[in-house]
Amino acid sequence: MTTATYTVSGMTCGHCVSSVKEEVGEVAGVTGVEVDLATGLLTVESDNPLDTATIRAAVEEAGYEVVDHP
């Protein structure tokens, strides 16, 4: 099990959170997605490490942007 954390900008409401969760949840290998609206933190759990570009693309598909990935 691998956990990665990203910071997403542009989310303003619960619908935004749902959109990000849905898009990221569809990425192959993702087993869990948590989004904190207040902090913009996106936590992604997966069986194996995922390519950051894949997660970034899913967030952009939802209409938002990954601004930080430690």
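Let me begin with how the model is to be read. This is a predicted model, in which local features need pLDDT of at least 70 and side-chain atom pairs count only at pLDDT 80 or more, while totals for chains, interfaces and linings use all residues. Residues are numbered from 1 along each chain as its sequence is written, and side-chain values use heavy atoms, with hydrogens and water left out.

The secondary structure of the protein chain comes to two helices and four strands, where helices (H or I, at least four residues) and strands (E, at least two) are DSSP runs numbered from the N terminus. Read from the N terminus on, these elements follow the order β-α-β-β-α-β. The radius of gyration is 11 Å, close to the 11 Å that the globule rule gives for 70 residues, so the protein chain is as compact as a globular protein of that length; here the radius is taken over C-alpha atoms, and the rule is 2.2 Å times the number of residues to the power 0.38. The C-alpha trace spans about 30 × 20 × 15 Å along its principal axes. Buried residues make up 34% of the 70 residues, with buried meaning under 20% relative accessible area, exposed over 50%, and partly exposed in between (1.4 Å probe, protein chains only). If we take the contacts (heavy atoms within 4.5 Å) between residues at least 6 apart in sequence, 61% of them join residues at least 24 apart.

Now to the helix pair. Helix H1, residues 14-25, packs on helix H2, residues 52-61, at an angle of about 140 degrees, with their axes 8 Å apart; the axes are lines fitted to C-alpha atoms, for helices over the stretch in contact, and angles run from 0 to 180 degrees between N-to-C directions. That angle makes H1 oblique to H2, given that angles under 35 degrees count as roughly parallel, over 145 as roughly antiparallel, 65 to 115 as roughly perpendicular and the rest as oblique. On the H1 side the residues that meet H2 are Val20, Glu23 and Val24, and their counterparts in H2 are Ile55, Ala58, Val59 and Glu61. By class, this contact has five nonpolar, no polar and two charged residues, with Ala, Val, Leu, Ile, Met, Phe, Trp, Tyr, Cys and Pro counted as nonpolar, Asp, Glu, Lys and Arg as charged, and the others, Gly among them, as polar.

Where does Tyr64 lie? Tyr64 is found in the loop between H2 and E4, and at 15% relative accessibility it counts as buried. Leaving aside neighbours within four places in sequence, Tyr64 is in contact with several residues, among them Val8, Met11, Cys16, Ser19, Val20 and Val59. Tyr64 and Val20 are 44 residues apart in sequence, yet 7.8 Å apart in space, C-alpha to C-alpha. Ser19, in helix H1, is also buried, with a relative accessible area of 17%, and beyond its neighbours within four places in sequence it is in contact with Ala62 and Tyr64.

Two further residues remain. Gly25 in helix H1 counts as partly exposed at 38% relative accessibility, and touches Val30 and Val33, not counting residues up to four places away in sequence.
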